[in-house]
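This report goes through a structural model by topic. Please look at the sequence and the coordinates before reading on.

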Amino acid sequence: MQDLGGAFGEAFRLIGAFDGDLVEIVLLSLRVSLSAVALAALVGLPLGAAVAVARFPGRMASIAAMNAFMGLPPVVAGLAVYLLLSRAGPLGDFGLLYTPEAMVIAQAVLVTPIVAALARQTIEDLHGDYDEQLRALGIGRTGAVATLLWEARLSLVTVLLAGFGRAIAEVGAVIIVGGNINHVTRVMTTAIALETSKGALNLALGLGIVLLAIVLAINALAGLLRHSVAESAHA
Amino acid sequence: MPDDPLAADAGRTRTGALPIAGRDLSLGRDGRMLVDRVSLAVGTPGVTALLGPNGAGKSLLLRMMAGLIAPDGGAVTWAGRSPDRARAHLVGVVFHRPVMLRRSALDNVRFALKAAGVPRSERRDRAMAALASGGLDPLASTPARVLSGGEQQRLALVRAMATGPEALLLDEATAHLDPASALAIETLVLKARDGGAAVLLVTHDLTQARRLADRVVCLHGGGLEADLAADAFFRGPPAGPARAFVEGRLVA
């Protein structure tokens, strides 16, 4: 076990030197995970809200499925996307395997159930309070979904953060569909895994500290945003 | 209301909502009849007070009349047809506890106008006029959720009135309010009545019913006990639970 002080030293050296490779890896990590969360939000938020508001046969089963998929192991998500995107797979013609786009898809598959399930819970609670008022105003189901998504916007920021935390921290899915190719698909988590397996523990720990700092910074930023919006928009 | 600008909107208001009529309405929960074969219609301008002790089924009856919950038995009609979303803006509903959207007071009213199909260009002016009618115009840009309880309920009423409804259904709208706030609500209700609206007012406050009502309907234990002109009712309801309620005796 190397000493932690050495790891911190390495981390600060990397950051201080504004190491080109490190910056590239950090930016790709952010790009992939933010795109994945955006994609997951686009699908997961309306889906969660629709399930919260609609009444249909099999509703309980679909809620159970969404909740179960929250715990989808990243390697399984990666494998599924790998099979879809591989040359022989149904989407093989697009040639997406081992590209950042493939990583975005894999992480979106991972994050969408989390966003949908948490949004469903949030919106369903809110719907209980709003339902009769919205119907009294003549708002239909589609309108209710849109209204409730907007009304729940503060809680949904937290939902998206949970999804982002999951995406930026996972390694299993991106390594399978991305392949950890230097300068192409290497992100922080795959870099850490690689450096660790090469025995460069200081560098791995240094990268780990940078990753932690980024996650903390983004959470803090979102917390601030949430707070200021809460101050100005409602009690 | 004939001078309602909405009347010009294609199709939406061509048929009205009055009378709002419930026929043989029944509603049960867990084997208990909470509303038991009640028939009630409000169709003419004026205030009808729906009186009765807690648990008499007043709120459930009002929500059935508003088309918000479906009766187990009987049927509700607005102007002879089942309630529908396209006419929701003709029937304003104000609940026991106001439901405020997380946006400004003005935008709460604009939201209702948009739902009623009012063209975007008219919404702001109409919303401001509605707020002014309730004395809320200085608070137009205040987030609705930071308003006081009385202001929120007034905003809920203003929002319901902004679309020019033919009927207003109020479910204990002043139950939580101090006298001044309740008075402000009552003033608005009378304004709506003078504008030609049919008002159905659920209350267990006898003095409020005396102040406002032209007609009193008394519910007890889910059944209709009395349906009289207000004078006749307060001069002396026939007998039974309605009389006991008016005289302030405990009704079981």
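Which residue of E8(B) does B:Ala49 stand opposite? In E8(B), B:Val216 stands opposite B:Ala49.

## Basis and confidence

The model is predicted; local features need pLDDT of at least 70, side-chain atom pairs count only at pLDDT 80 or more, and totals for chains, interfaces and linings use all residues. Residues are numbered from 1 along each chain as its sequence is written, while chains are lettered from A and ligands numbered from 1 in the order in which they are written.

The scores of the model are ipTM 0.87 and pTM 0.84. For chain B the average pLDDT (the predictor's confidence in each residue, from 0 to 100) is 87, and 91% of the residues score at least 70. Within chain B, helix H2 (residues 105–115) has the highest confidence, at 96, and helix H8 (residues 240–246) the lowest, at a mean of 74; helices (H or I, at least four residues) and strands (E, at least two) are DSSP runs, numbered from the N terminus. Over residues 1–13 of chain B, pLDDT stays under 50. For that stretch the model has 18 contacts beyond four places in sequence, a contact being two residues whose C-beta atoms, placed from the backbone, lie within 7 Å.

## Six-stranded sheet of chain B

Chain B has an open sheet of six strands in the order E5-E6-E7-E3-E8-E9, with mixed pairing; two strands pair if DSSP finds at least two bridges between them. Its edge strands, each pairing on one side only, are E5 (91–94) and E9 (223–229) of chain B. On average, neighbouring strands of this sheet are turned by 15° against each other, direction ignored. Here axes are lines fitted to C-alpha atoms, for helices over the stretch in contact, and angles run from 0 to 180 degrees between N-to-C directions.

Strand E3 (residues 46–51) and strand E8 (residues 215–220) of chain B are parallel partners over four bridges. H1(B) lies across E3, E6 (167–171), E7 (198–203) and E8 of chain B, and runs at about 155° to E7(B).

## Three-stranded sheet of chain B

Another open sheet in chain B has three strands, ordered E2-E1-E4, and its pairing is antiparallel. Strands E2 (32–42) and E4 (73–78) of chain B are at its edges, each pairing on one side only.

Strand E1 (residues 20–29) of chain B pairs with E4(B) in the antiparallel sense over five bridges. B:Ala75 in E4(B) is the bridge partner of B:Arg23.

## Backbone geometry around E1(B)

Most residues other than glycine have a negative phi, and most peptide bonds are trans. The peptide bond from B:Leu18 to B:Pro19 is cis, with omega near -5°; B:Pro19 belongs to the segment before E1 of chain B. B:Asp30, in the loop between E1 and E2 of chain B, is not a glycine but has a positive phi of about 50°.

## Chain A

Chain A has ten helices and zero strands. Its C-alpha atoms fill a box of roughly 65 × 50 × 30 Å, taken along the principal axes.

Helix H2 (residues 20–53) of chain A has 34 residues. From first to last C-alpha, H2(A) reaches 49 Å, close to the 50 Å expected at 1.5 Å a residue; the expected span is 1.5 Å times one less than the number of residues. H2(A) has a kink of about 30° centred on A:Ala41, where the bend at a residue is the angle between axes fitted to the seven residues ending there and the seven starting there.

## Contact between the chains

In the interface, 14 residues of chain A are in contact with 16 residues of chain B. Helix H5 (residues 100–136) of chain A gives the most to the chain A side, with six residues.
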